[in-house]
Amino acid sequence: MTRALSSERVPPACVLAEFLGTLLFQFFGGACSSTAVSNGPIRVCSLLGLLIVSSGLTVAALGNGVCLAVLVYSTAGISGGHLNPAVSLGFWVNGRLGKMRFMLYVAAQLLGAIAGAVMLRICLPPTFLGHPFVTQGYDVFSSFASLDHQC
């Protein structure tokens, strides 16, 4: 079933789902990633009552994965759960997404990501902004070296 691109009607709920899904992923995914550089329990956003605990790369990765899975599952029935311009591009290239819907989805995703990043920037305390969203990781070899110096 092929329709003319000019007659393609995109429900606003689809565009809104892509916007909100991407916004929430950027906000909560970024919050999960920021825990890898924190030094202890810190109240991140008093308005939302979020509590982020220093936990390292494992929780940052798992938090992003679970967040993405929940948001894709939540928006899949409304918009297809793309939440990423690359996914929308793949659907468009394969002919499973019309040109107008593709352009609206990408615009909603980019605006949602920007809005989520701005919200996260506002909610993060200044101590998190020295190295924003850069995970420090854990170096096993340096920890062994520090054990040798303590003996």
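**Notes on the predicted model**

1. Of the 151 residues in the chain, buried ones make up 34%. Please keep in mind that this is a predicted model.

2. On the overall layout, the chain has five helices and two strands.

3. Next, a helix pair to look at. Two packed helices are described by the angle between their axes and the distance between the axes. For helix α1 (residues 12–34) and α4, the axes come within 7 Å and cross at roughly 35 degrees. That crossing is right-handed. Sorted by class, the residues in the contact of α1 with α4 are 16 nonpolar, six polar and two charged.

4. Helix α4 spans residues 99–123 and includes I122. Is I122 buried or exposed? With a relative accessible area of 66%, I122 is exposed, because the cut-off for that label is over 50%.

5. I122 also belongs to a nonpolar surface patch, together with L111, I114 and V118. The accessible area of these four residues together is about 420 Å². If you have the structure open, this patch is worth a look on the surface.

6. T75 sits in helix α2, which covers residues 57–79. Its relative accessibility is 7%, so T75 counts as buried, the limit being under 20%.

Terms used: Residues numbered from 1 in each chain as written. Predicted model: local features only at pLDDT ≥ 70, side-chain atom pairs only at ≥ 80, totals over all residues. Heavy atoms only, no water. Patch = residues over 30% accessible without salt bridge, like charges linked within 9 Å, V, L, I, M, F, W, Y side chains within 5 Å. Areas by Shrake-Rupley, 256 points an atom, 1.4 Å probe, with all protein chains shown as cover. Salt bridge = Lys/Arg side-chain N within 4 Å of Asp/Glu carboxyl O. Helix = DSSP H or I, 4+ residues; strand = E, 2+ residues; numbered from the N terminus. Buried < 20%, exposed > 50% of the residue type's maximum accessible area, 1.4 Å probe, protein only. Axes fitted to C-alpha atoms, helices over the stretch in contact; angles between N-to-C directions. Left-handed = near helix turned anticlockwise from the far one by under 90°. Nonpolar A, V, L, I, M, F, W, Y, C, P; charged D, E, K, R; others polar.
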